Amino acid sequence: MLRTMSNVALKEQLGRAPIWALGMMSGTSLDGVDGALVQTDGHAIHAFGPHGFIPYSDVQRQVLSRALGHWPGDPEVEPAAEIVETTHATLAARLMRGDPAPALLGFHGQTFAHDPRGGRTHQAGDGQVLAEVLGLPVVWDFRSSDVELGGEGAPLAPFFHHACARFIKADAPLAFLNLGGVGNLTWVDPRVDAPEAANACLAFDTGPANAPINDLMQARLGCAQDERGALALSGAADEPQVEAFLDHAYFHRMPPKSLDRDQFAELARRVAQLSNADAARTLAACAAAAVARGLEHCPTPPSRVLVTGGGRHNGAIMAELRNRLSVPVEDIDDTGLNGDMLEAQAFGYLAVRVARGLPTSSPTTTGVAAAVGGGVISTGAHD
């Protein structure tokens, strides 16, 4: 029988010095699994290590797509969860063979459903299975504790973003914008030492990002994405539809707040009568307009917006951001950080925080009542 470890036990085992942790992430865009090593003591980032990616095949993506919106026990979930576990284990084993060797794994799993107002969230994939297969302590189920205590359970990367801002020696408030299936924004003040401090971070989901575009491409053209935004760049945004999109009740809620991947399913209907190019450009414009609306909530205007995630490779989304935002918009890669691996690195960093009893979310990042450390810890040892 696989046993779980308490935070105290793992904290004693790992000590206080910086350690290498392997973080893994599979986002709502369903493109594949990212894995990356980060060296940290749970406070500061000391170094970044090797990373890798395994794409989901078309068949796997179809199985995963059928599980979207489903909860544990639904028949669509088990085959999808098996894909998630197998793919993560394959990539983790590959990265564990190199140097440095990780002492800990942070496993996010695959979000299939997210209903924080209903007090539940579902990330498929069993961290105990990975711990047994890999023989490495695994921190997983990061979101449930936050949701159970009244938080949104998302976004969870903000404390890592705060550490990244200090790693690149930023000296003024700035924003990290992650564009996955859903967009999320973190405003951070790197001059504040602790990310859980009231004035250190503000975070929330901005709105849909890549997911509607990917769904459009799959439905109309049978491909997974608009590569580099080429199709959208050849089209024109339908501004009345963008304005109508901004009337959604979500944009009138104050942060912190979070979204399920398909909460804006009506976007497909909004662009149904548009050409492929105009529909793609309109969806890109909606993603950017949502970010512009979100920036209105920041305590002070950020000095710049660093864009991470797959959406930064979409030229149309980046063009729309630069047209609609009143602050500089930069590809995060230009700072020396890795925009393709930031989310994976975040869960390695958060795993160390969980193992050392540090909070992973706070009232200003998820709306939880007080700073809380989520996560379940499993080890591959047997009783």
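**Confidence, rings and packing**

Author: This is a predicted model. The protein averages a pLDDT of 94, and 96% of the residues score at least 70.

Reader: How many aromatic pairs does the structure hold?
Author: Rings count as a pair if their centres lie within 6.5 Å. The structure holds eight aromatic pairs.

Reader: Stacked, tilted or edge-to-face: what is the pair of Phe-245 and Phe-251?
Author: The ring centres of Phe-245 and Phe-251 are 5.1 Å apart. Planes over 60 degrees apart count as edge-to-face. Here the planes of Phe-245 and Phe-251 stand at 70°, and the pair is edge-to-face.

Reader: Are Phe-245 and Phe-251 buried or exposed?
Author: The cut-off for buried is under 20% relative accessible area. Both Phe-245 and Phe-251 are buried.

Reader: Why is the pair of Phe-251 and Phe-264 classed as it is?
Author: Planes under 30 degrees apart count as stacked and those over 60 as edge-to-face, with the rest tilted. The centres of Phe-251 and Phe-264 lie 5.6 Å apart, and their planes make 40°, so the pair is tilted.

Reader: Where do Phe-251 and Phe-264 lie?
Author: Both residues are buried. Phe-251 and Phe-264 are 13 residues apart. Each is in the loop between α9 (239-245) and α10 (267-270).

Reader: Which residues do ring pairs link into a cluster with Tyr-250?
Author: Lys-257 lies over the face of Tyr-250, at 4.4 Å from the ring centre. Ring pairs link Tyr-250 into a cluster with Phe-245, Phe-251 and Phe-264.

Reader: Which ring does the charged end of Arg-120 sit over?
Author: The charged end of Arg-120 is 3.8 Å from the ring centre. The ring is that of Trp-71.

Reader: At what angle do helix α3 and helix α4 pack?
Author: Helix α3 spans residues 77-96 and helix α4 residues 127-134. Their axes are 10 Å apart. The crossing is right-handed. The angle is about 40°.

Reader: Which residues of α4 make the contact with α3?
Author: From α3 come Glu-85, His-88, Ala-89, Ala-92, Ala-93 and Met-96. From α4 come Val-129, Leu-130, Val-133 and Leu-134.

Key: Residues are numbered from 1 along each chain as its sequence is written. This is a predicted model: local features need pLDDT of at least 70, side-chain atom pairs count only at pLDDT 80 or more; totals for chains, interfaces and linings use all residues. Side-chain values use heavy atoms; hydrogens and water are left out. Rings of Phe, Tyr and Trp (its six-membered ring) pair if their centres lie within 6.5 Å; planes under 30 degrees apart count as stacked, over 60 as edge-to-face and the rest as tilted. Buried means under 20% relative accessible area, exposed over 50%, partly exposed in between (1.4 Å probe, protein chains only). Helices (H or I, at least four residues) and strands (E, at least two) are DSSP runs, numbered from the N terminus. A charge sits over a ring if NZ of Lys or CZ of Arg is within 6 Å of the ring centre and within 35 degrees of the ring normal. pLDDT is the predictor's confidence in each residue, from 0 to 100. Axes are lines fitted to C-alpha atoms, for helices over the stretch in contact, and angles run from 0 to 180 degrees between N-to-C directions. A crossing is left-handed if the near helix is turned anticlockwise from the far one by less than a right angle, and right-handed if clockwise. Contact means heavy atoms within 4.5 Å.
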